[in-house]
Amino acid sequence: MYHFLEPIGIPAFGMNAGKWHRLDNIGAITCFSNLFIYLADFGNDATEEWLKYAFLFTTIILQEKAPWNVTFTIVPVLSAMALPILRPLL
(Lines give C-alpha, C1' and ligand atoms only; values in the text may rest on other atoms or scores of the structure.)
Protein backbone atom coordinates (compact mmCIF):
# COMPACT_ATOMS: atom_id res chain seq x y z
CA MET A 1 0.00 0.00 0.00
CA TYR A 2 2.82 2.38 0.85
CA HIS A 3 4.44 1.92 -2.55
CA PHE A 4 1.15 2.80 -4.21
CA LEU A 5 0.29 5.85 -2.09
CA GLU A 6 3.76 7.35 -1.58
CA PRO A 7 4.28 8.60 -5.17
CA ILE A 8 0.95 10.43 -5.14
CA GLY A 9 1.67 12.01 -1.76
CA ILE A 10 -1.05 10.37 0.34
CA PRO A 11 0.05 9.17 3.79
CA ALA A 12 -1.12 5.65 4.63
CA PHE A 13 -2.26 5.08 8.20
CA GLY A 14 -0.31 8.16 9.26
CA MET A 15 2.99 6.34 8.91
CA ASN A 16 6.08 8.08 7.56
CA ALA A 17 8.58 6.58 5.12
CA GLY A 18 10.86 5.34 7.92
CA LYS A 19 8.11 3.30 9.55
CA TRP A 20 7.10 1.83 6.20
CA HIS A 21 10.74 1.00 5.49
CA ARG A 22 10.83 -1.07 8.69
CA LEU A 23 7.66 -2.93 7.70
CA ASP A 24 9.08 -3.59 4.22
CA ASN A 25 12.27 -4.97 5.73
CA ILE A 26 10.39 -7.18 8.18
CA GLY A 27 8.14 -8.51 5.42
CA ALA A 28 11.01 -9.22 3.00
CA ILE A 29 13.23 -10.88 5.61
CA THR A 30 10.31 -12.96 6.88
CA CYS A 31 9.53 -14.16 3.34
CA PHE A 32 13.12 -15.30 2.85
CA SER A 33 13.20 -16.94 6.29
CA ASN A 34 9.98 -18.83 5.59
CA LEU A 35 11.30 -19.93 2.19
CA PHE A 36 14.48 -21.37 3.71
CA ILE A 37 12.55 -23.05 6.54
CA TYR A 38 10.34 -24.66 3.89
CA LEU A 39 13.38 -25.77 1.88
CA ALA A 40 14.97 -27.28 5.00
CA ASP A 41 11.95 -29.64 5.22
CA PHE A 42 12.17 -30.51 8.90
CA GLY A 43 9.19 -32.84 8.58
CA ASN A 44 7.79 -31.60 11.87
CA ASP A 45 5.16 -28.86 11.70
CA ALA A 46 5.77 -27.76 15.30
CA THR A 47 9.48 -27.25 14.65
CA GLU A 48 8.82 -25.29 11.48
CA GLU A 49 6.21 -23.08 13.17
CA TRP A 50 8.54 -22.42 16.10
CA LEU A 51 11.34 -21.43 13.71
CA LYS A 52 9.04 -19.14 11.72
CA TYR A 53 7.97 -17.28 14.86
CA ALA A 54 11.53 -17.16 16.19
CA PHE A 55 12.80 -15.60 12.96
CA LEU A 56 9.87 -13.17 12.84
CA PHE A 57 10.39 -12.07 16.46
CA THR A 58 14.14 -11.68 15.97
CA THR A 59 13.62 -9.73 12.75
CA ILE A 60 11.16 -7.35 14.40
CA ILE A 61 13.55 -6.67 17.29
CA LEU A 62 16.54 -6.10 15.00
CA GLN A 63 14.62 -3.84 12.62
CA GLU A 64 13.20 -1.78 15.45
CA LYS A 65 16.68 -1.38 16.89
CA ALA A 66 18.35 -0.21 13.68
CA PRO A 67 16.44 -0.52 10.38
CA TRP A 68 19.26 1.15 8.43
CA ASN A 69 21.94 -1.23 9.72
CA VAL A 70 22.62 -3.68 6.88
CA THR A 71 23.97 -6.24 9.36
CA PHE A 72 20.51 -6.49 10.93
CA THR A 73 19.15 -7.41 7.50
CA ILE A 74 21.87 -9.80 6.39
CA VAL A 75 22.24 -11.82 9.61
CA PRO A 76 18.63 -13.13 9.74
CA VAL A 77 18.65 -13.97 6.02
CA LEU A 78 22.00 -15.78 6.16
CA SER A 79 20.95 -17.60 9.33
CA ALA A 80 17.81 -18.82 7.61
CA MET A 81 19.78 -19.70 4.49
CA ALA A 82 21.98 -21.97 6.61
CA LEU A 83 18.99 -24.11 7.63
CA PRO A 84 18.56 -26.12 4.40
CA ILE A 85 22.34 -26.40 4.06
CA LEU A 86 22.86 -27.68 7.60
CA ARG A 87 19.64 -29.72 7.82
CA PRO A 88 21.17 -32.93 6.39
CA LEU A 89 23.80 -32.79 9.13
CA LEU A 90 21.21 -32.82 11.93
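Here is a short walk through the salt bridges and a nonpolar surface patch of this predicted model.

Let's start with charge. Side chains of opposite charge can pair when their charged atoms come close. Taking a side-chain nitrogen of Lys or Arg within 4 Å of a carboxyl oxygen of Asp or Glu as the rule, the count here comes to two salt bridges.

One of them joins Arg22 and Glu64, whose closest N and O atoms are 3.7 Å apart. Arg22 sits in helix α2 (residues 17-40) and Glu64 in helix α3 (residues 45-65), so this pair ties together parts of the chain that are 42 residues apart in sequence. Both partners are partly exposed: Arg22 has a relative accessible area of 25%, and Glu64 has 45%.

Lys52 and Glu49 meet through their side chains at 3.8 Å, N to O. Both residues belong to helix α3, where they lie three residues apart, about one turn of the helix.

Now turn to helix α4, which covers residues 71-86. Ile74 is found in this helix, and it belongs to a nonpolar patch on the surface together with Val70, Leu78, Met81, Ile85, Leu86 and Leu89. Together, the residues of the patch have about 680 Å² of accessible area.

Key
Residues numbered from 1 in each chain as written. Predicted model: local features only at pLDDT ≥ 70, side-chain atom pairs only at ≥ 80, totals over all residues. Heavy atoms only, no water. Patch = residues over 30% accessible without salt bridge, like charges linked within 9 Å, V, L, I, M, F, W, Y side chains within 5 Å. Areas by Shrake-Rupley, 256 points an atom, 1.4 Å probe, with all protein chains shown as cover. Helix = DSSP H or I, 4+ residues; strand = E, 2+ residues; numbered from the N terminus. Buried < 20%, exposed > 50% of the residue type's maximum accessible area, 1.4 Å probe, protein only.
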